[in-house]
Amino acid sequence: MQEEYDATSVESHVQDVWNANQAFEVTEDETRPKYYCLCMFPYPSGSLHMGHVRNYTIGDVLSRYKRMQGFNVLQPMGWDAFGLPAENAAIKNNTAPAKWTYQNIDEMREQLQRMGIAYDWSREFATCTPEYYRWEQWFFTQLVEKGLAYKKMATVNWDPVEQTVLANEQVDAEGRGWRSGALVERRQISQWFLKITQYAEELLEETEKLDGWPDAVRTMQRNWIGRSEGVEFDFALADGDVAGESAIRVYTTRPDTVAGVTYMAVAAEHPLATHAAESNADVQAFVDECKKTGTSEAAMEKLEKKGVPLGIDAINPVSGEKVPVYVANFVLMTYGTGAVMSVPGHDQRDFEFAKKFGLPIKQVVQSTNEAVDVSEAAFTDKENTVSINSGQFDGLDFSACFKATADFLAANANGDKKVNYRLRDWGVSRQRYWGCPIPIIYDKDGNAHTVPEQDLPVVLPEDVAFSGVNSPIKEDPNFFNTTVPGTNEPGTRETDTFDTFFESSWYYARYACPDADAMLDSRANYWLPVDQYIGGVEHAVLHLLYARFFHKLMRDVGLITSDEPFTRLLTQGMVIAETFYRDDDGKPEYFNARELDLTYDDKGRINGATLKADGKPVTVGRIEKMSKSKNNGVDPIEMIDKYGADTVRLFSMSDSPPHQSLEWKDGGVEGMNRFLKRVWREVSRLPSDAGQHLFDQEELNDEQKALRRKTHETIAKVTDDIERRYTFNTAIASMMELFNEASKFDDRSNSGFAVQHEAYGALIRLLSPFTPHITHEMWAGLGYESALIDEAWPEVDEEALVRDSITLVLQVNGKRRSEISIAASASKDECEAAAMADENVIKNIDGKTVRKVIVVPGKLVNIVAN
RNA sequence: GCCGAAGUGGCGGAAUCGGUAGACGCGCCGGAUUCAAAAUCCGGUUCUGGCAACAGAGUGAGAGUUCAAGUCUCUCCUUCGGCACCA
């Protein structure tokens with residue numbers, strides 16, 4: 001070993017050794033337990049960012065650790081290659097999305113390989129290839145035949161200038177299209193849906209069993225599915241049929257409050273609103289205004305609550321009173337029946353609306369412990385309550401009144417107890433080019449026919465030019481003109497493509513058998529489910545729910561046998577960094593730290609920045625997620641060139657636990673680099689035959705025992721931190737502590753060498769999942785001939801952990817006053833006696849009476865005195 | 001608006017089951033080495049007072065439970081993530 005650590009040469013050499021041995025290619029092996037570790041695959045934007053580095057390092061640490069534990073480890077990598085950015089780049093740079101994407105993949109693969117992740121590259125694939133997407137086309141045809149995929153009208157953002165559908169992301173905060181600046185409108189078009197609601201109950205039930213998932217993610221999924229129990233029933237219209245309807249059907253989870261209904265509200269798209277708009281200009285204007293809101297839920301909910309009376313009354317089936325019907329912007333056509341009953345006394349939103357429009361507020365539920373005034377705020381409790389002003393239901397509590405009212409509504413208002421879900425069916429149609437073509441052909445009557453298996457894949461033409469923003473295949477007769485399957489009749493292909501979540505919902509399974517001549521083959525059942533899945537917390541609901549849904553669909557088609565795709569889940573936090581900007585004209589211009597000269601105050605905090613180019617000041621902004629728009633990214637490749645991949649990997653794991661955000665700090669990176677250089681130097685100075693020195697635990701002196709104890713305490717801690725806690729930052733801290741002790745240890749005796757060699761041998765193996773290159777070389781430097789990746793994880797020697805004495809903290813009235821060293825075997829009474837004899841304790845209880853003494857064995861003694 | 005998370009020294013964070021608040025790293029201060037600097041090494045570093053021993057304060061704010069609260073309970077504030085066509 002050279003005395004100086006040169007990361008670049010070490011890393012390229014070690015990577016060559018791995019590549020030459022195909023060290024990470026795996027096959028099914030029934031003799032060993034399998035471990036499938038997967039990181040969310042990247043969108044090939046063209047450059048690796050720190051979020052990727054963090055994500056893939058976490059996966060590699062776990063994979064390499066499990067390999068050393070004896071598992072048959074699969075860790076694959078691929079490309080989530082369809083998506084909007086390729087189209088944006090195509091429009092901007094006049095290149096075909098396919099070409100742009102494949103180039104990006106080549107660049108990113110090269111960058112990724114410099115990180116030294118233990119991937120089985122033989123399984124790599126990109127989702128934009130027909131070899132991949134043909135199987136999801138096939139799968140979709142199966143779903144159509146099973147009735148799990150269907151067509152219906154759905155709302156989209158329509159840009160009236162570009163004459164195209166926009167993604168939510170392409171609509172700005174003011175509701176304008178990103179390119180045209182025109183006000184976006186809501187428009188209804190016919191689209192394909194998957195019946196995820198049919199699996200809502202199973203998805204919900206199994207959420208409870210996912211105990212390897214973070215509770216926060218499970219809670220979010222549970223809330224997203226949003227199961228509720230309630231009653232669906234009719235409010236009869238007071239003055240006969242309107243628009244062919246005799247009643248308004250509503251769904252409520254609070255049938256106990258029906259007597260308190262004082263008005264009703266329907267969505268802007270509800271048939272009654274549409275009908276009223278025909279003869280009422282106010283309603284028409286309001287419905288038109290509602291169309292100008294974006295389609296996102298956040299945009300709708302943030303709206304000021306508004307409504308217009310339809311001039312229609314309905315009859316409250318419990319009280320018999322006439323109540324007015326409004327059209328309101330907060331009612332969603334997509335949830336329940338598109339109409340709600342409003343109980344301002346017992347629902348806060350209804351309350352606010354009633355106050356605004358001067359509608360009556362009626363109390364029908366009373367608290368049994370305190371006075372309630374519903375003219376001040378809605379009373380929404382369901383416990384310790386009793387019904388009032390509700391006729392025959394007076395005096396009942398929530399659950400009794402729920403049941404009695406439900407029975408009454410069943411008999412008198414077409415009532416039906418119903419379970420509802422907030423979850424809506426998954427709309428998979430996208431009016432975009434760079435995606436998987438939906439394998440459907442329409443005949444001249446517009447009937448949909450699935451493309452037969454032998455005609456798959458429907459290949460997306462890759463050699464296209466964009467004229468404007470519209471999808472080229474929508475304007476390409478060579479693509480859409482075809483014949484109806486099984487006939488000679490002319491037909492037209494579907495020109496919409498799948499949501500890109502379609503590809504990412506099953507890729508994890510395809511890695512098991514990337515070359516299979518079917519969607520999946522039997523190898524999938526060897527590798528699945530994924531034992532550990534790792535990715536950004538922003539995917540906590542959508543991607544993870546869709547993948548769970550797809551897994552169940554694939555199970556029910558007979559492709560796999562497991563119920564859930566991901567046994568354990570780790571959601572990592574964002575990588576963040578300081579931002580710097582100038583805001584001269586209301587549109588901030590962001591600068592990267594590299595373009596700036598920074599000044600610091602005497603505490604080391606940044607207190608000023610000037611632009612190198614013009615020497616003028618720049619505002620120091622807040623710390624935000626690394627992004628192109630904030631120009632606060634740090635290029636991983638630059639960092640690897642400067643410090644080496646091991647340092648970058650180690651820093652990305654060291655500074656905060658994986659689920660929290662990670663602040664990128666140059667000083668922190670330098671600190672990790674210093675640590676690795678120090679370890680390298682110490683190891684290079686050790687004799688490479690130190691493994692020959694033996695020791696006898698009984699014969700060791702106190703210092704030797706102390707270092708052995710530290711070695712084995714560290715093994716125990718690092719193992720627990722990786723395996724159970726996922727706190728890599730504390731694992732790294734404890735390895736540094738071990739190094740700090742081992743490097744200070746300068747005992748040149750035979751036993752001293754042996755104990756020190758044991759410490760470094762353990763440290764190198766513990767560190768190897770984090771920094772695999774440098775540890776590979778150091779392992780050889782210690783005199784071992786085997787490759788480090790084939791070594792076993794170090795084991796704890798319980799004998800080394802034994803302590804003779806411990807530190808006992810002494811408190812008086814809960815305040816720490818002293819500490820003493822005492823035999824580890826001391827009894828409670830001995831601890832108490834020793835505490836009472838301590839000088840500082842005596843001083844602090846002087847003149848007081850001891851009321852109580854609490855002894856926590858091995859920790860502390862607390863003396864309560866006054 | 002709804003759902004979820006976070007808030008601890010100058011900074012990132014640690015404190016795992018209610019038991020020594022501040023591990024480890026960064027920064028800063030002092031020293032060694034050097035013609036000098038970088039690098040490296042050694043020591044110090046929550047705040048206030050004190051030469052020190054030690055004393056007092058202290059985990060976003062406010063209350064509560066307990067011998068003991070960063071940790072448990074309640075109320076509130078701030079910041080961040082998701083909200084179905086970004087991936």
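Guide: Happy to! A salt bridge is a side-chain nitrogen of Lys or Arg within 4 Å of a carboxyl oxygen of Asp or Glu. Side chains of opposite charge can pair when their charged atoms come close. This is a predicted model, where local features need pLDDT of at least 70, side-chain atom pairs count only at pLDDT 80 or more, and totals for chains, interfaces and linings use all residues. Residues are numbered from 1 along each chain as its sequence is written, chains are lettered from A and ligands numbered from 1 in the order in which they are written, and side-chain values use heavy atoms, leaving out hydrogens and water.

Let's start with R582 and D614, whose closest N and O atoms are 3.1 Å apart in a salt bridge. R582 sits in strand β24 (residues 575-582) and D614 in the loop between β27 (606-611) and β28 (617-625), so the pair ties together parts 32 residues apart in sequence. Strands here are DSSP runs (E, at least two residues), and helices are runs of H or I, at least four residues, numbered from the N terminus. R582 is buried, at 16% relative accessible area, while D614 is partly exposed at 35%. Buried means under 20%, exposed over 50%, and partly exposed in between (1.4 Å probe, protein chains only).

Next, K552 and E564 form a salt bridge of 2.9 Å, N to O. K552 belongs to helix α17 (residues 542-556), and E564 to the loop between α17 and β23 (566-572). K552 is buried at 0%, and E564 is buried at 12%.
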